[in-house]
Amino acid sequence: AWTFAGSSRFTWRWGRVIRLAFEDCPLCRGGTASAPCCHYYAAVFERLFRTLIASTATVTETECIASGADACRFEIRW
């Protein structure tokens, strides 16, 4: 995860829906947006999970630091 997170804190929770989070996300640090904007991370995670886990995996960013959340959060479903 350090490849994507750099110095930010990366956490995950395994389950039927996998939840990932970046605190102090390097893409959003100091930015503002009206909606989640970490499309790069969502696309990278989706490609990795489709290749390694399930070809039907989808990744959605549910919260974003740039839009006021305390972390950038993603959900992975398949």
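Student: Leaving aside neighbours within four places in sequence, which residues is glutamate 23 in contact with?

Tutor: This is a predicted model, so read what follows that way. Glutamate 23 is in contact with Ser8, Arg9, Ile65, Asp70 and Ala71.

Student: Where does glutamate 23 lie?

Tutor: In strand 2.

Student: Buried, partly exposed or exposed?

Tutor: Glutamate 23 counts as partly exposed, because its relative accessibility is 32%.

Student: What is the bridge partner of arginine 9 in strand 2?

Tutor: Glutamate 23 again. Arg9 is also on the contact list of glutamate 23.

Student: And how far is glutamate 23 from serine 7?

Tutor: Their C-alpha atoms are separated by 9.5 Å. Along the chain the two are 16 residues apart.

Student: Back up a bit. How many helices and strands are there?

Tutor: The chain has two helices and four strands.

Student: In what order do the elements run?

Tutor: Starting at the N terminus, the order is α-β-β-α-β-β.

Student: How do strands 1 and 2 run, and how many bridges join them?

Tutor: They run antiparallel, with five bridges. Strand 1 covers residues 9-13 and strand 2 covers residues 18-23. The two form a hairpin, with four residues between them.

Student: In what sense does strand 2 pair with strand 4?

Tutor: In the antiparallel sense, over five bridges. Strand 4 is residues 72-77.

Student: Which residue in strand 4 stands opposite leucine 20?

Tutor: Phenylalanine 74. For arginine 19, the bridge partner in strand 4 is glutamate 75.

Student: What about the side chains along a strand, which faces do they take?

Tutor: In a regular strand they alternate between the two faces of the sheet.

Student: OK, strand 3. In what sense does it pair with strand 4?

Tutor: Antiparallel, over five bridges.

Student: Now the loops. Where is serine 8?

Tutor: In the loop between helix 1 (2-5) and strand 1.

Student: Buried or exposed?

Tutor: Serine 8 is buried, because its relative accessible area is 10%. The cut-off for buried is under 20%.

Student: What does serine 8 touch, not counting residues up to four places away in sequence?

Tutor: Phe22, Glu23, Asp24, Cys25, Pro26 and Arg29.

Student: Asp24 is on that list. Where is aspartate 24 found?

Tutor: In the loop between strand 2 and helix 2 (39-52). Aspartate 24 counts as partly exposed, because its relative accessibility is 40%.

Student: What is phi of aspartate 24 near?

Tutor: Near 60 degrees. That is a positive value in a residue other than glycine.

Student: Which residues is serine 67 in contact with, leaving aside neighbours within four places in sequence?

Tutor: Ala33, Ser34, Ala35 and Pro36.

Student: And how far apart are serine 67 and cysteine 37?

Tutor: 8.2 Å in space, C-alpha to C-alpha. In sequence, serine 67 and cysteine 37 are 30 residues apart.

Student: What about serine 55, where is its place?

Tutor: In the loop between helix 2 and strand 3. Serine 55 is exposed, because its relative accessible area of 59% is over the 50% cut-off.

Student: How far is serine 55 from tryptophan 78?

Tutor: Their C-alpha atoms are separated by 8.0 Å. Along the chain, serine 55 and tryptophan 78 are 23 residues apart.

Student: Zoom out. What radius of gyration does the chain have?

Tutor: It is 12 Å. A compact globule of 78 residues would have a value near 12 Å, so the chain agrees. Along its principal axes, the C-alpha trace spans about 35 × 25 × 20 Å.

Student: What share of the residues is buried?

Tutor: 33% of the 78 residues.

Student: Last one. How far apart are the mean positions of the positive and negative charges?

Tutor: 8 Å, for 9 positive and 7 negative charges.

Note on methods. Residues are numbered from 1 along each chain as its sequence is written. This is a predicted model: local features need pLDDT of at least 70, side-chain atom pairs count only at pLDDT 80 or more; totals for chains, interfaces and linings use all residues. Side-chain values use heavy atoms; hydrogens and water are left out. The radius of gyration is taken over C-alpha atoms; the globule rule is 2.2 Å times the number of residues to the power 0.38. Buried means under 20% relative accessible area, exposed over 50%, partly exposed in between (1.4 Å probe, protein chains only). Lys and Arg count as positive and Asp and Glu as negative; His and the chain ends are not counted. The place of a charge is taken as NZ of Lys, CZ of Arg, CG of Asp or CD of Glu. Two strands pair if DSSP finds at least two bridges between them. Contact means heavy atoms within 4.5 Å.
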